[in-house]
Amino acid sequence: MILGGSAMLAGCATAAPPPLVTVATLPPAPPPPRPTFTPAVQVTPPPLDPQRLVRPELMSRAMAALDIHHERLPLRDRMYLVDFQRFSGEHRLYEVDLIGGRVTPLRTTHGRGSDPEHSGFARRFSNEPESYMSSVGAYATAGASWGPQQGPNVLLDGLEYTNNLARERAIIVHGADYADPEFLEREGKLGRSYGCFSTAHADLPMLRERMGQGRLLFAFA
């Protein structure tokens, strides 16, 4: 019994130890990436009137009129300027692209009352009915229309005391033979209107489409 017990003890003593269990050590998790912020790209609008076709004072006053009469001028993509300091045979009606900066020059007339000697220069301006003079100031385009006398046209609403009778006086944008290139070539200047902004017949369809309703037309001398 003693020997047997010793053998048992010896057997227990010589038994192989249990295998060691190795726990894998994982590398530490990398820190979360920091959020990156991409700064907003500053888009610089193109320069307004890069060719400098418009007199700076006229441009400045027109831009101010956009803000002063903003409630009547909701469309700010383009505007129309008239420089009555220039000779009638020159380009003095300008379509100004307020987004792209481009200026498109056109021709327009002035009223016979503003130039009684027919010199080609407008000298006097009035808001009075039957004066046949041109009126200066800010207008809101009021949409394409058609009249029995002048045919297709663009209506205008005067926004200032210098032109607020434009509807009563029927001051509009319309085509006229005396504003066509043939007349200019023959006479050396455009003819005179009764105060309307008359243009060449070829230019009127584009103006009727693009002036629309709610854009600025600003006339200045």
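Student: In this predicted model, what makes Arg-55 count as buried?

Tutor: The relative accessibility of Arg-55 is 18%. Buried means under 20%, so Arg-55 counts as buried.

Student: Why is Glu-57 called partly exposed?

Tutor: Glu-57 has a relative accessibility of 38%.

Student: How do you know that the side chains of Glu-57 and Arg-55 meet in a salt bridge?

Tutor: The distance from N to O is 3.7 Å. The definition asks for a side-chain nitrogen of Lys or Arg within 4 Å of a carboxyl oxygen of Asp or Glu, so a pair of this kind qualifies. Salt bridges that share partners also join Arg-55 and Glu-57 with Arg-61 and Asp-83 in one network.

Student: What makes Arg-210 and Glu-95 a pair that links distant parts of the chain?

Tutor: Arg-210 belongs to helix H5 (residues 204–211) and Glu-95 to strand S2, and the two are 115 residues apart. Their side chains meet in a salt bridge at 2.8 Å, N to O.

Student: Are Arg-210 and Glu-95 buried or partly exposed?

Tutor: Arg-210, at 29% relative accessibility, counts as partly exposed. Glu-95 has a relative accessible area of 8%; the limit for buried is under 20%, so Glu-95 is buried.

Student: How many aromatic pairs does a search of the whole structure find?

Tutor: The search finds 6 aromatic pairs.

Student: Why is the pair of Phe-84 and Phe-197 called stacked?

Tutor: The ring centres are 6.1 Å apart, and rings pair if their centres lie within 6.5 Å. The planes stand at 15 degrees; planes under 30 degrees apart count as stacked. The pair of Phe-84 and Phe-197 is therefore stacked.

Student: Why is this pair said to tie together parts of the chain?

Tutor: Phe-84 lies in the loop between strand S1 (78–83) and strand S2 (93–97), whereas Phe-197 lies in strand S7 (residues 197–199), so the pair ties together parts that are 113 residues apart in sequence. Phe-84 counts as buried at 1% relative accessibility, and Phe-197 is buried at 3%.

Notes
Residues numbered from 1 in each chain as written. Predicted model: local features only at pLDDT ≥ 70, side-chain atom pairs only at ≥ 80, totals over all residues. Heavy atoms only, no water. Phe/Tyr/Trp six-rings, centres within 6.5 Å; stacked < 30°, edge-to-face > 60°. Helix = DSSP H or I, 4+ residues; strand = E, 2+ residues; numbered from the N terminus. Buried < 20%, exposed > 50% of the residue type's maximum accessible area, 1.4 Å probe, protein only.
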